[in-house]
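Hi,

Here is the structure I promised to pass on. Have a look at it first, and then read my notes below.

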Amino acid sequence: QFESRQVEALLKSPISNMDLLSINIARGMMYGIGQFCFAIIITSTLNHEYLSIGSILIISFQMLTLIFHFSVMGTFLGLLISNAMLLTNISFFLFIFITMGLGNFIPLENYPNSYLAVIENIPTTTAFANIKSVIIHSPFNWYGFSFTLLGSNILFIITLISSHKIFRKI
């Protein structure tokens, strides 16, 4: 039924679903924070850019929210999709969409207006744009940060509820 016996061992252990999800999300956040630290060093070195302590703190708050968001989303997808091949394909599609579609690789100014009308309403897009704004010393808004954090918390609650239903079936 499962591709490994790890799930059965975890389900027989005396820990709660909240503990399992928290550990999984914390592990994802540790990987993300490591990547973020590496990226900030490379970005500062290559651009010869001076980032003040305030700029680094603002970027860190924004990135921690995004890292938490994607850790929760990854946990949620991992719960819903038990087939490893399908999960890999969906993760690849999300990677392409996030890097290309949300303006992280190709600037949003290069996309058609009809696409921008939809994409600019996603708070995650605004959070990514805020990080770019801080790096180039432009003004930014906290709306993307706040709504991304709110959406992540709601998604965590949905993940917790669905984990109870999914683990009950197992």
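How many helices and how many strands does the chain have? There are seven helices and zero strands, and this comes from a predicted model. Read from the N terminus, the elements go α-α-α-α-α-α-α.

Some overall numbers to get you started. The chain has 170 residues, and 31% of them count as buried. Its C-alpha trace spans about 50 × 40 × 25 Å along the principal axes. The accessible surface is about 11000 Å², with 70% of that belonging to carbon and sulfur atoms. As for contacts with a separation of 6 or more, 67% of them are between residues 24 or more positions apart.

Now to the pair of helices I looked at. Two packed helices are described by the angle between their axes and the distance between the axes. For helix H6 (residues 123-135) and helix H7 (residues 143-169), the axes come within 7 Å and cross at roughly 135°. Angles over 145 degrees would count as roughly antiparallel and 65 to 115 as roughly perpendicular, so H6 and H7 are oblique to each other. Their crossing is left-handed.

Which residues of H6 meet H7? On the H6 side they are Pro123, Thr124, Thr126, Ala127 and Asn130. Their partners in H7 are Tyr143, Gly144, Phe145, Phe147 and Thr148. Sorted by type, the residues of this contact come out as five nonpolar and five polar, with no charged ones.

That's what I have on this one.

Cheers

Conventions. Residues numbered from 1 in each chain as written. Predicted model: local features only at pLDDT ≥ 70, side-chain atom pairs only at ≥ 80, totals over all residues. Heavy atoms only, no water. Axes fitted to C-alpha atoms, helices over the stretch in contact; angles between N-to-C directions. Helix = DSSP H or I, 4+ residues; strand = E, 2+ residues; numbered from the N terminus. Parallel < 35°, antiparallel > 145°, perpendicular 65-115°, else oblique. Left-handed = near helix turned anticlockwise from the far one by under 90°. Contact = heavy atoms within 4.5 Å. Nonpolar A, V, L, I, M, F, W, Y, C, P; charged D, E, K, R; others polar. Buried < 20%, exposed > 50% of the residue type's maximum accessible area, 1.4 Å probe, protein only. Areas by Shrake-Rupley, 256 points an atom, 1.4 Å probe, with all protein chains shown as cover.
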